Amino acid sequence: MRDENMVLEKINDTNDIKKLDQEELKQLPEEIRQFLIQSLSRTGGHLASNLGVVELTIALHLTLDLPKDKLIWDVGHQSYTHKILTGRKEGFAGLRQLDGMSGFPKRNESDCDCFNTGHSSTSISAGLGLAAARDLQGEKYKVVSVIGDGALTGGMAFEALNNASKLETNFVIVLNDNDMSISPNVGGMSQYLGGIRTAGVYQDLKNGVMESLNRIPVYGERLVRRIRRTKSGIKQLFIPGMLFEDMGILYLGPVDGHDVDKMTAMLRKASRVNGPVLVHILTQKGRGYEPAVRHPARFHGTEPFEIETGLVLQKKKKAAYTDIFSTVMRKLGDRDERVTAVTAAMETGTGLKRFHNMFPERFFDVGIAEGHAVTFAAGLAAGGRRPVFAVYSSFLQRAYDQILHDVCLQDLPVVFAVDRAGIVGSDGETHQGIFDISYLRTIPNMTLLAPKNKWEFSDMIKFAINFGHPAAIRYPRGEAFDGLSEFRAPVVYGKGEVLYEDGRVVLLAYGSMVKTALAVRELLQQEGIACALINLRFAKPLDTQLLAHAASTYQLAVTMEENVRTGGMGEAVCEYLRSIGAGLAVLQIAAADKFVPHGNVEELKRRLGLDAESIAKKVMEALK
């Protein structure tokens with residue numbers, strides 16, 4: 001039910017915020033925070049990051065003319081207030097749900113979303129490209145890229161900063177500094193920004209010096225102009241090695257990220273500069289909701305929760321694959337001193353927190369820098385360690401060249417623990433892990449494994465660490481399958497596992513699809529169709545002996561994988577069968593070669609035809 005007294009009710013379209021008076025603007029942040037807390041308690045979503053940028057987003061909307069001006073959000077999960085202020089408030093009822101509003105900026109959702117984002121460290125590059133396009137076309141509009149301090153550790157951000165320094169027209173970079181990514185920030189950039197944060201006296205001191213100089217008759221103004229012109233300006237007197245200004249980017253700040261007036265004044269000042277400007281904004285992640293302030297990582301991406309306590313509403317689930325990984329890594333760390341863990345700012349998300357606590361000297365969080373993480377792991381392996389890089393499937397693809405060139409070319413024993421492989425759900429296109437089989441299968445010396453259940457997962461981790469060559473184990477988000485416990489054959493290089501032999505149809509399932517294949521088998525049996533089931537275990541190398549046996553035994557093979565069809569395990573099976581001249585018909589079950597939207601995992605699988613009912617129907621049609 002609408003409350004006409006609420007300021008938020010006056011925000012129904014882009015730029016409506018500019019119609020508000022000062023009292024209404026003061027009231028608006030609290031109303032937005034309450035709206036976000038209420039909405040996300042029902043739908044889930046990225047809460048802590050969005051609560052932290054409410055005032056920043058308001059300031060940006062007050063100083064920009066959207067959609068003419070261009071605003072790019074790095075990663076984009078903090079764009080909820082932006083969506084509210086551009087007339088999408090009603091869409092929060094279906095946030096991140098199938099056919100509902102995305103949790104990230106989407107060009108096809110609003111003209112005010114000028115660039116799709118989802119991975120970190122991209123906004124400066126995209127903004128620089130938009131600014132260059134603007135200048136080439138003789139157009140006049142502002143370009144602002146917002147990037148977090150965590151994302152600034154990504155190498156791509158530094159490449160863009162280096163390029164931006166050459167720009168001779170206006171381009172504003174807003175550094176949203178909350179001292180947090182998903183996990184606490186690490187490394188030199190974090191320490192550098194921390195130094196600026198704690199140098200609160202700097203701004204007052206600088207202003208005092210400038211005012212004093214200005215009061216000197218005749219010569220004072222000349223001194224001020226000279227100080228402002230020189231490369232080694234006033235900032236170098238008080239903050240040595242000002243990184244951004246040394247790169248040719250004007251630095252402004254730091255500014256209180258919860259003071260709209262100060263930020264709007266600074267942003268307007270920045271927009272008048274003929275060149276690149278970085279505005280440093282200090283914000284508090286989770287601001288306005290105490291549970292999110294205390295536990296920002298937990299509220300980075302939350303399920304529906306109880307507002308009073310902040311506790312997730314869902315009942316306790318069985319152990320997830322990430323939990324199994326956490327336990328096994330801790331045990332292997334005890335047994336083998338060579339075992340070393342690497343993460344790219346995802347210590348908690350990938351389950352490495354326990355390993356970190358037990359073996360801090362063997363744990364490395366390199367920040368949001370997946371390419372560096374892979375080559376760093378290669379160095380560890382070359383030095384005699386057995387590194388395990390735990391990473392989400394969607395993020396690993398950012399390091400393809402390093403996997404190929406630095407790990408596999410040298411045949412180094414790096415283990416890739418590929419979490420969130422397959423359909424992951426609510427985060428949508430940018431986070432679905434449906435490409436890793438395809439892009440890893442192309443690389444010589446790479447071995448690809450995927451477990452059918454939690455026990456096999458444990459065995460595969462142990463196998464991969466002792467293997468002595470590059471290996472990637474892919475596993476899905478969510479509960480670890482605990483069925484088929486009676487089948488626990490040792491993990492042998494390149495060998496699959498026959499679970500059931502029967503009939504004229506064989507299901508060749510890989511990883512998470514073994515569980516689905518069991519359900520398909522039951523459905524076919526109900527229709528009087530006997531069915532065999534093989535757990536392939538390896539997508540590379542394939543168990544060619546087992547495939548040759550299947551070709552001589554069955555009439556129809558059904559390959560099943562949570563990956564796109566092109567370059568996937570099913571295509572590998574077909575290639576092999578053609579190479580031996582086998583006449584076995586093959587039905588490939590995989591995701592279509594399209595980007596998969598956001599939504600509930602089970603709903604998405606039904607839409608993609610990856611659920612048991614859809615597969616069983618396709619098998620019966622194929623048999624006809």
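Residues are numbered from 1 along each chain as its sequence is written, and side-chain values use heavy atoms, with hydrogens and water left out. Because the model is predicted, local features need pLDDT of at least 70 and side-chain atom pairs count only at pLDDT 80 or more, while totals for chains, interfaces and linings use all residues.

Let's start with the sheet. Five strands make up an open sheet in the order E12-E14-E13-E16-E17, and their pairing is mixed. Strands here are DSSP runs (E, at least two residues), as are helices (H or I, at least four), and both are numbered from the N terminus; two strands pair if DSSP finds at least two bridges between them. At the edges sit strand E12 (497-500) and strand E17 (585-591), each pairing on one side only. On average, neighbouring strands of this sheet are turned by 25° against each other, direction ignored. Strand E16 (residues 556-564) runs parallel to E17, and six bridges link the pair. Leu 556, for instance, has Ala 585 in E17 as its bridge partner.

Next come the helices. Two packed helices are described by the angle between their axes and the distance between the axes. Axes are lines fitted to C-alpha atoms, for helices over the stretch in contact, and angles run from 0 to 180 degrees between N-to-C directions. Helix H16 (residues 370-382) packs against helix H18 (residues 400-408) at about 10°, with the axes 9 Å apart. H16 is therefore roughly parallel to H18 (under 35 degrees counts as roughly parallel, over 145 as roughly antiparallel, 65 to 115 as roughly perpendicular and the rest as oblique). Gly 371, Val 374, Thr 375 and Ala 378 of H16 touch Gln 402, Ile 403, Asp 406 and Val 407 of H18, where contact means heavy atoms within 4.5 Å.

The axes of helix H1 (residues 22-43) and helix H3 (residues 54-63) come within 10 Å and cross at roughly 125°, so H1 and H3 are oblique to each other. Among the residues that meet are Leu 25 and Ile 32 in H1 and Ile 58 and Leu 62 in H3.

Finally, the charges. The structure holds 27 salt bridges (a side-chain nitrogen of Lys or Arg within 4 Å of a carboxyl oxygen of Asp or Glu). In one of them, Lys 106 pairs with Glu 429, with the closest N and O atoms 3.1 Å apart. Lys 106 lies in the loop between helix H4 (80-85) and helix H5 (123-136), and Glu 429 in the loop between strand E9 (415-419) and helix H19 (436-441), so the pair ties together parts 323 residues apart in sequence.
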